[in-house]
Amino acid sequence: MKVLGHKIELLTGLLLHDVTMAGLQELRFPEEKPLLRGQDAAELENSDTFLLAVDTDWKEHDIETPYGLLHVVIRGSPKGNRPAILTYHDVGLNHKLCFNTFFNFEDMQEITKHFVVCHVDAPGQQVGASQFPQGYQFPSMEQLAAMLPSVVQHFGFKYVIGIGVGAGAYVLAKFALIFPDLVEGLVLMNIDPNGKGWIDWAATKLSGLTSTLPDTVLSHLFSQEELVNNTELVQSYRQQIGNVVNQANLQLFWNMYNSRRDLDINRPGTVPNAKTLRCPVMLVVGDNAPAEDGVVECNSKLDPTTTTFLKMADSGGLPQVTQPGKLTEAFKYFLQGMGYIAYLKDRRLSGGAVPSASMTRLARSRTASLTSASSVDGSRPQACTHSESSEGLGQVNHTMEVSC
C-alpha cells in the first residue's frame, strides 16, 4: 500500500504532505546533503568494510536459557537507570553481518557510548557455530523471544531498547508482548507481522527446491531490483551467508521463521481486549524493500500515539547497511523523544554539544515527548505521547511516514 498525495514544499525547511490514508501522515524531508555524514553508496558497494568486525572492548558470552544456549556479545556496563540497547538480527545473518555497518558508523558510536550495547545471535547463527546434532529441535519464534529474559537477568539490565531486523524484529516484538515491563522502546526494521499462508508456504518450498539456500535468503533480504542492480553488495552478502553462517543451522532458523504465526497485535479500540506494543515503536523500511507491505500493515495495527513510521528513500532491504547515517539521525531523535541523551555532540557545529531542543526538521516534525534533562541519568522517564500542531499545517500524528 502506497501513500498517495501531492508534495507541498515549504522554503522555511519543513515540508508536510498531509494526506489521511489508513491513519498515516506522510512527511518528506528533501536534503541536498545527508543530515549526518555517511558513506557514498558506490563506495559502500565497492568495499567490504560493512562485513569486517571491530571487536575492541566487546566481550562474548554463552548464556544458558530455558531453550538452550544463546551467544551474546556486549560492550560496556549498565549506566545508572538507562536501558541497554539490545539487537536481534535477521534470518541468514548474525549480529556482525546485520549490524556492524550501523554500529561502527561514527555518529552512531557517539550515541552508543551513553549505553551498554548487547548483540544477540540466534541459536547456531554466530560466526564459528558448531552444527546442531541430527534431530535438534530449533526453538520456535515464541521460544526465541522467551530466551531473552535470561539475557536481561544475566547482565542485570532493568529494561532494554530493542533494535531488530526482519526475523529479529518479529522476535523482539514478541518479547515486548510477553514481557512488556522489560522493554522501554523498539526499533523494528522490515518486520512482517503475518504468518505465511499456504500459497506463500508452497512458494517457499518450491524456491528451496530450485535455488541454493543463500540465494533463497537473499530474496528475503533484498528486493528484485537490488538483486539485479546492486550486484557488488548482493554478491558480498551471498559470499558471507554461504561461508560464515553454518548452512544446516541456517536452514533450521529459516524453516522456523517461515512457519511463524501471525503476531497477535491490534490497534487499541479496533477489537475487544486488543493486544498491542505498549512502548514507543519506530518502524523502519526502505522504499525499495521486499518487506514494505508487511511493515505498512504492522503500522496499521499499532497505537498511533506511540508509533513512528520511517520510510527511507533510496534504500532497499537493509537500510542499516546502505543508509546508516540517516538511520542514526532518526534513532537519535527516537531516544530523545523518550527523554534520553538530552545533549549530544554535533560535529557540524563549532559550539560542541547541542541540546535536544535544537532539533533538525526531522526531529521537529515528530510528535516526540521530551522529558526534562534530569531524566537522562535519573529515574526511568515516563514518555507521554501527545500530538504537536504546526501553524497552518494541522495536527501531526505520531504515526507517520518519513522519507529521508
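Strand S5 (residues 84–88) and strand S6 pair in the parallel sense over 4 bridges, where two strands are taken to pair if DSSP finds at least two bridges between them, and where strands (E, at least two residues) and helices (H or I, at least four) are DSSP runs numbered from the N terminus. Within this pairing, leucine 86 stands opposite cysteine 118 in S6. The model is a predicted one, in which local features need pLDDT of at least 70 and side-chain atom pairs count only at pLDDT 80 or more, whereas totals for chains, interfaces and linings use all residues. Residues are numbered from 1 along each chain as its sequence is written, and side-chain values use heavy atoms, with hydrogens and water left out.

S4 (residues 68–75) pairs in turn with S3 (residues 59–65), in the antiparallel sense and over 7 bridges. S3 and S4 form a hairpin with 2 residues between them, and aspartate 62 stands opposite histidine 71 in S4.

In the protein as a whole, 15 helices and 15 strands are found, and buried residues make up 56% of the 404 residues. Of the contacts (heavy atoms within 4.5 Å) with a separation of 6 or more, 75% are accounted for by residues 24 or more positions apart.

Among the helices, H5 (residues 148–155) and H6 (residues 167–178) pack at an angle of about 75°, with their axes 10 Å apart; axes are lines fitted to C-alpha atoms, for helices over the stretch in contact, and angles run from 0 to 180 degrees between N-to-C directions. H5 and H6 are therefore roughly perpendicular to each other, on a scale that assigns this term to 65 to 115 degrees, roughly parallel to angles under 35, roughly antiparallel to those over 145 and oblique to the rest. Leu148, Pro149 and Val152 of H5 make the contact with Val171, Leu172 and Phe175 of H6.

Helix H10 (residues 231–244) has buried residues at Leu233, Val234, Ser236, Tyr237, Gln240 and Ile241. Seen down the axis of H10, these residues fall within an arc of 155°, so they line one face of the helix, the arc being that of the directions from the helix axis to the C-beta atoms.

Several loop residues may also be described. Threonine 276, in the loop between helix H11 (247–258) and strand S9 (281–286), counts as buried at 17% relative accessibility. Lysine 301 is 25 residues from threonine 276 in sequence and 7.8 Å from it in space, C-alpha to C-alpha. Beyond neighbours within four places in sequence, the contacts of threonine 276 include Leu177, Ile265, Lys301 and Asp303.

Most residues other than glycine have a negative phi.

Definitions and conventions. Buried means under 20% relative accessible area, exposed over 50%, partly exposed in between (1.4 Å probe, protein chains only).
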